[in-house]
Amino acid sequence: MLKTVILLACVACTLGAAAPEGMLPQLDGRIVGGVATTISDFPWQISLQRSGSHSCGGSLYSSNIIVTAAHCMQYVSISVLKVRAGSTTWNAGGTLVSLAAYKIHEGYNSWTMVNDIAVIRLSSSLTFGSTMKSIGLATKAPANGAAAVVSGWGTLQSGAATLPTTLQYVNLNIVSQAACASSTYGYGSQVKPSMICAYSAGKDSCQGDSGGPLVSGGVLVGVVSWGYGCAFANYPGVYADVAQLRSWVVEAVASC
């Protein structure tokens, strides 16, 4: 499943160079407008693949647990899904591993996109190193305007048909839920409390980045979820708010 782009369920565990600004500590899906990078700078990034093709991103929570978007896990058989970790390119290198189980947030709604988060358990544990590391979950949302970074293999512009093979990233700024739902931007009440936004003119996540990491202050603060187009003026990218959903993730990991 791709980043849900909008133009003007209860699911049990299923068997079957310089550091980017957002990675620096804050003291208080493709990527549009970004640049190529290497997995060593984003070692928590994974490619979720469906029948051998990249479909979504995700983040390493532990050596065998992935955090991704709920909409990435809908309407698909676990047997056709695999995760590639530890590679700058989505189609080669690193480690390719099957899925053992997954769990979608019980309150996820595909119409409103609330609670757009899921966890995946891998069939075997990964070996961490310079190209594979876990990332911590935010305990509170970063301040409005805080530096952030999003990474992924999604399209370079809205509606593009092909994906880059090399991992991309772009620096953004956090837009708080309250600010994102205000008249400053175009979404209004569509931005719910389980969401957080990020924005910079001409820069955004796009199709194929869904489920991928939004990082600020060195922790996972968002999961790529939805938006009106990609990098449209006054329409920030919208992400599942990890701080709001943290307790669910922790509980889901224990039961999945």
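Tutor: A disulfide is here a pair of cysteine sulfur atoms within 2.5 Å. The model we apply this to is predicted.

Student: How many disulfides does the count come to by this rule?

Tutor: A disulfide is a covalent bond between the sulfur atoms of two cysteines. Cys56 is joined to Cys72, Cys180 pairs with Cys197, and Cys206 pairs with Cys230. By the rule, the count of disulfides is three.

Student: What pattern do the disulfides follow when bonded cysteines are counted along the chain?

Tutor: Cys56 bonds to Cys72, Cys180 to Cys197 and Cys206 to Cys230. With the bonded cysteines counted along the chain, the pattern is 1-2, 3-4, 5-6.

Student: Is the disulfide of Cys56 and Cys72 left-handed or right-handed?

Tutor: The S to S distance in this pair is 2.1 Å. The torsion about the S-S bond is about -95 degrees, so the disulfide is left-handed.

Student: Which parts of the chain does the disulfide of Cys180 and Cys197 tie together?

Tutor: The sulfur atoms of Cys180 and Cys197 are 2.1 Å apart, and the torsion of about -90 degrees makes this disulfide left-handed. Both residues are buried. They lie 17 residues apart in sequence, and the parts tied together are helix 1 (residues 177-180) and strand 11.

Student: What is the handedness of the link of Cys206 and Cys230?

Tutor: Cys206 lies in the loop between strand 11 and strand 12, and Cys230 in the loop between strand 13 and strand 14, so the pair ties together parts 24 residues apart in sequence. Both are buried. The angle about the S-S bond is 85 degrees, and the link is right-handed.

Student: Is Cys256 buried or exposed?

Tutor: A residue is called buried at under 20% relative accessible area. The value for Cys256 is 12%, so Cys256 is buried.

Student: Which residue in strand 6 is the bridge partner of Leu48?

Tutor: Strands 3 and 6 run antiparallel. Strands of a sheet pair through backbone hydrogen bonds, either parallel or antiparallel. The bridge partner of Leu48 in strand 6 is Val83.

Student: Why is strand 14 described as largely enclosed by the rest of the structure?

Tutor: Strand 14 (residues 237-241) pairs antiparallel with strand 11 over four bridges, where Ile196 stands opposite Tyr239. Strand 13 also pairs with strand 14 in the antiparallel sense, over four bridges, and there Val223 has Ala240 as its partner. Strand 14 is called largely enclosed because its buried residues number five of the five.

Student: Which residues is Gly57 in contact with, leaving aside its neighbours within four places in sequence?

Tutor: Gly57 lies in strand 4 (residues 53-62) and counts as buried at 2% relative accessibility. Its C-alpha atom is separated by 8.7 Å from that of Cys72, 15 residues apart along the chain. Its contacts, with those neighbours left aside, are Gln45, Ile46, Thr68, Gly208, Asp209, Ser210, Gly211 and Gly212.

Student: Phi of Tyr75 is near 55 degrees; is Tyr75 buried or exposed?

Tutor: That phi is a positive value in a residue other than glycine. Tyr75 is found in the loop between strand 5 (65-68) and strand 6 (81-85). Exposed means over 50% relative accessible area. At 72%, Tyr75 counts as exposed.

Student: And Asn115, is it buried or exposed?

Tutor: Phi of Asn115 is near 55 degrees, again positive in a residue other than glycine. Asn115 is found in the loop between strand 7 (95-104) and strand 8 (118-122). With a relative accessible area of 16%, Asn115 is buried.

Technical notes: Residues are numbered from 1 along each chain as its sequence is written. This is a predicted model: local features need pLDDT of at least 70, side-chain atom pairs count only at pLDDT 80 or more; totals for chains, interfaces and linings use all residues. Side-chain values use heavy atoms; hydrogens and water are left out. Helices (H or I, at least four residues) and strands (E, at least two) are DSSP runs, numbered from the N terminus. Buried means under 20% relative accessible area, exposed over 50%, partly exposed in between (1.4 Å probe, protein chains only). Contact means heavy atoms within 4.5 Å. Two strands pair if DSSP finds at least two bridges between them.
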